[in-house]
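Subject: Structure handover

Hello,

Here is the structure I said I would pass on. My notes on what turned up in it follow below.

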Amino acid sequence: MLLTTKQLFEKCYGRYAIPAVNVFFMEEIHGLFAAAQEANAPFIVQTTPFARDYAHPEMLLSMINAAAKIYPNVTFAIHMDHGFEEHIFAAIEKGGYTSVMIDASHDDFDENVARTKEVVRRAHAENISVEAELGVLAGVEDDLTVDAAHSFYTNPQQVEDFVKATDCDSLAIAVGTSHGAYKFSGGQGLQFHILKEIQELLPGFPLVLHGGSNVIPEVVERINAAGGNLKTDAKGVQEEEIRKAIPLGVCKINIATDTRLLWTMVNREFFRDRPDEFAPTTPGKIFMEEYKKFMLKKFDLFGCTNKAGDFGLVNA
């Protein structure tokens, strides 16, 4: 069942969050859809402009649509993450997406409003949901880099005016997360006082947490033990923080770094332990199974396991 993110958020607000998972290649899509079908959990599969450039939009959407046939008992939305107008308008024109994000957070408030309004106008005409962003996250995602000096928290006093002016369907906020593997190296964690104030000003409005990966220490350790050289002084969003954020209006939590680390761990360990192997399919099968296990845990953590029934789909 393919839905818009707005439809998903109307059911989950304050009760559970929905994972929004970036995908680049087939094994990730198989693992995600297989886990969602087993867990009977709603989810959002999302692509970035970088992923579209890497695999080509037609390839990505074809793989996602094929997965929907292979795993027919799933409830999901297809979202474009961190899009700019050139990507968003092309996606709206060609179809396939049920949700898009306009990332104008680096602009000043008025310019952000103007750009977001135009995306909302064109997307809503095609029944496509729009996620906007207010506040700037530090870190690295795909080919985008923002240093800490140019990041800033979302100003709660601006959110009400922004949502009213743009008519966006959800809002990504900066409350302490960052993109990439080296988030929270300073140990600050989520800023719940900001999140709570935003919810009080926008009661019932869906909020989005970018940079929601956990950066599991064991995975980083295993990567390094297999020849990697990742830093070990950072941590991601902790499980207790996720549980605390959901009742405060966080409906969508983005995951990307954790799945990349998982891929790196599986492949480094495989070729370390089996140096005579060269076929990509064997570690690919291992990765799909590990990915599925990872997502089953995320569905449980976010509280959305067995929640596909909220949307009329119950697995046999």
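His 210 counts as buried, because its relative accessibility is 1%. Please keep in mind that this is a predicted model. His 210 sits in the loop that runs between strand E9 (207-209) and H9. Its side chain makes a polar contact of 2.7 Å with the side chain of Glu 131. In the unreviewed UniProt entry, the annotation "binding site" covers His 210 together with His 82 and His 179.

Next, the second largest pocket. Its space comes to about 420 Å³. There are 15 lining residues, and those closest to the centre are Ile 216, Val 219, Lys 293, Phe 294 and Lys 297. At least two lining residues come from each of helix H9 (217-225), helix H11 (257-273) and helix H12 (281-302). H12 gives the largest share, with six residues. Sorted by class, the lining holds eight charged residues, six nonpolar and one polar.

Last, the strands. Strand E2 (residues 43-47) is largely enclosed by the rest of the structure, since five of its five residues are buried. Phe 43, Val 45 and Thr 47 point one way from E2, while Ile 44 and Gln 46 point the other way. In a regular strand, side chains alternate between the two faces of the sheet. E2 pairs with strand E1 (residues 18-22) in the parallel sense, over three bridges. Opposite Val 45 in E2 stands Val 21.

Regards

Terms used
Residues numbered from 1 in each chain as written. Predicted model: local features only at pLDDT ≥ 70, side-chain atom pairs only at ≥ 80, totals over all residues. Heavy atoms only, no water. 1 Å grid on protein atoms, 1.4 Å probe; cavity = no way out; pocket = protein on both sides within 12 Å on 5 of 7 lines; lining within 4 Å. Points joined across faces, edges and corners; volume = space filled by probe spheres on them. Helix = DSSP H or I, 4+ residues; strand = E, 2+ residues; numbered from the N terminus. Nonpolar A, V, L, I, M, F, W, Y, C, P; charged D, E, K, R; others polar. UniProt positions renumbered as here; feature names shortened; annotations may be inferred. Buried < 20%, exposed > 50% of the residue type's maximum accessible area, 1.4 Å probe, protein only. Polar contact = N/O pair within 3.5 Å; in protein donor to acceptor, adjacent residues only side chain to side chain. Pairing = 2+ DSSP bridges.
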